[in-house]
Amino acid sequence: MDIESLWMLAALVFLLAGAIKGLVGIGLPTAVIGVLSQFTDPRQAIALLILPVLISNIWQVHKNRMFRKSLVLFWPFSITMAVGIWYFTQFAASVSSTVLSGLVGGVMMVFVFATLFTQPFSIASHLDKPVQIFAGSIAGVMGGLTSLWAPPMLIYLMSQPLKKDEFVGALGFLILAGTIPLAGGYIQAGLTSPTVMVYSAAMTVPTLVGVSIGEYGRKFLNGDQFRSLLLLIFFLLGANLIRISIF
């Protein structure tokens, strides 16, 4: 399906994915790629995501007033991840998207079950920066090759003593930190075009409408409900990625 025929379906998908993001702070790239890759090249879906992800995460960080705090707390993760994403986008065009989708989906499913059946963990303060560098490196490789770097990011953030809105704001900061080098890498690798970027800009409108709907719904969730919903959405997104890789 060409980009011109895709835009009406894409608008609906971005609206729904934006609502998921507004509700739990993640899910926009995974949901969009999971659906649109059934109708077009996954890399075209990724290119469409660039501006909606960038703008929605600027919104998310601003609304939760988490930019300065996130920069102070998570700079090792963000820098390591950003460098990795920029570097590995150079190889995105030559890597099997179905294999990578299956691997990412598997990681997401393992994380969900590990979180459900184990006690919440924390990281000792003297190990925090090395863990951030390690997790950021994994996120960088995954993000550069697949545009999906949420699993290591989410695993790390769930070890931190963050309140619900702080958690969402920190997610927005780290996704934003990865989106900028992803966009640069895709442009440098020739994986996008001016026409696609125009459609990407247009998709920011349904995305932000969806985010606003999701943010309103988040007000009615307590901490335990938020965590359960987060894991449910992560499970569904991971299962969908595995389905894509098999079928």
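Predicted model: local features only at pLDDT ≥ 70, side-chain atom pairs only at ≥ 80, totals over all residues.
Residues are numbered from 1 along each chain as its sequence is written, and side-chain values use heavy atoms, with hydrogens and water left out.

Figure 1. A salt bridge is a side-chain nitrogen of Lys or Arg within 4 Å of a carboxyl oxygen of Asp or Glu. Helices are DSSP runs (H or I, at least four residues), numbered from the N terminus. K63 is partly exposed, at 45% relative accessibility, whereas E215 is buried, at 11%. In these legends, buried means under 20% relative accessible area, exposed means over 50%, and partly exposed lies in between (1.4 Å probe, protein chains only). The whole structure holds three salt bridges.

**Figure 2. The salt bridge of K69 and E166.** The closest N and O atoms of K69 and E166 are 3.0 Å apart. The pair links distant parts of the chain, with K69 in helix α4 and E166 in helix α8 (residues 164–188), 97 residues apart. K69 is partly exposed, with a relative accessibility of 34%; E166 is also partly exposed, with 22%.

**Figure 3. The salt bridge of D165 and R218.** A distance of 2.9 Å, N to O, separates the side chains of D165 and R218 in their salt bridge. D165 is part of helix α8 and R218 is part of helix α10, so the pair ties together parts that are 53 residues apart in sequence. D165 has a relative accessible area of 40% and is partly exposed, while R218, at 6%, is buried.

Figure 4. F67, L71, W75, I79 and V83 make a nonpolar surface patch of about 490 Å². Patches are made of residues with over 30% relative accessible area and no salt bridge, like charges being joined within 9 Å and nonpolar side chains (Val, Leu, Ile, Met, Phe, Trp, Tyr) within 5 Å. Accessible areas come from the Shrake-Rupley method with a 1.4 Å probe, and for residues only the protein chains shown count as cover. I79 lies in helix α4 (residues 67–88) and is partly exposed, at 49% relative accessible area.

Figure 5. The whole structure contains eight aromatic pairs. One of them joins Y87 and F91, whose ring centres are 5.4 Å apart and whose planes stand at 65°, so the pair is edge-to-face. Y87 is partly exposed, at 39% relative accessibility, and F91 is partly exposed, at 34% relative accessible area. In another view, the rings of F167 and F226 have centres 6.1 Å apart and planes at 80°, so this pair is edge-to-face. F167 lies in helix α8 and F226 in helix α11 (residues 223–246), so the pair ties together parts that are 59 residues apart in sequence. Both F167 and F226 are buried. F74, F77 and Y156 form one aromatic cluster. Rings of Phe, Tyr and Trp (its six-membered ring) pair if their centres lie within 6.5 Å; planes under 30 degrees apart count as stacked, over 60 as edge-to-face and the rest as tilted.

**Figure 6. Helix α6 and the residue that follows.** Helix α6 (residues 128–146) has 19 residues and reaches 26 Å from its first C-alpha to its last, close to the 27 Å expected at 1.5 Å a residue. The expected span is 1.5 Å times one less than the number of residues. Buried residues of α6 include D128, Q132, A135 and G136. After α6 comes S147, with a positive phi near 70°.

Figure 7. T179 lies in helix α8 and is buried, at 2% relative accessibility. Leaving aside neighbours within four places in sequence, T179 is in contact (heavy atoms within 4.5 Å) with I50, V53, L54 and W149.

Conventions: Helix = DSSP H or I, 4+ residues; strand = E, 2+ residues; numbered from the N terminus.
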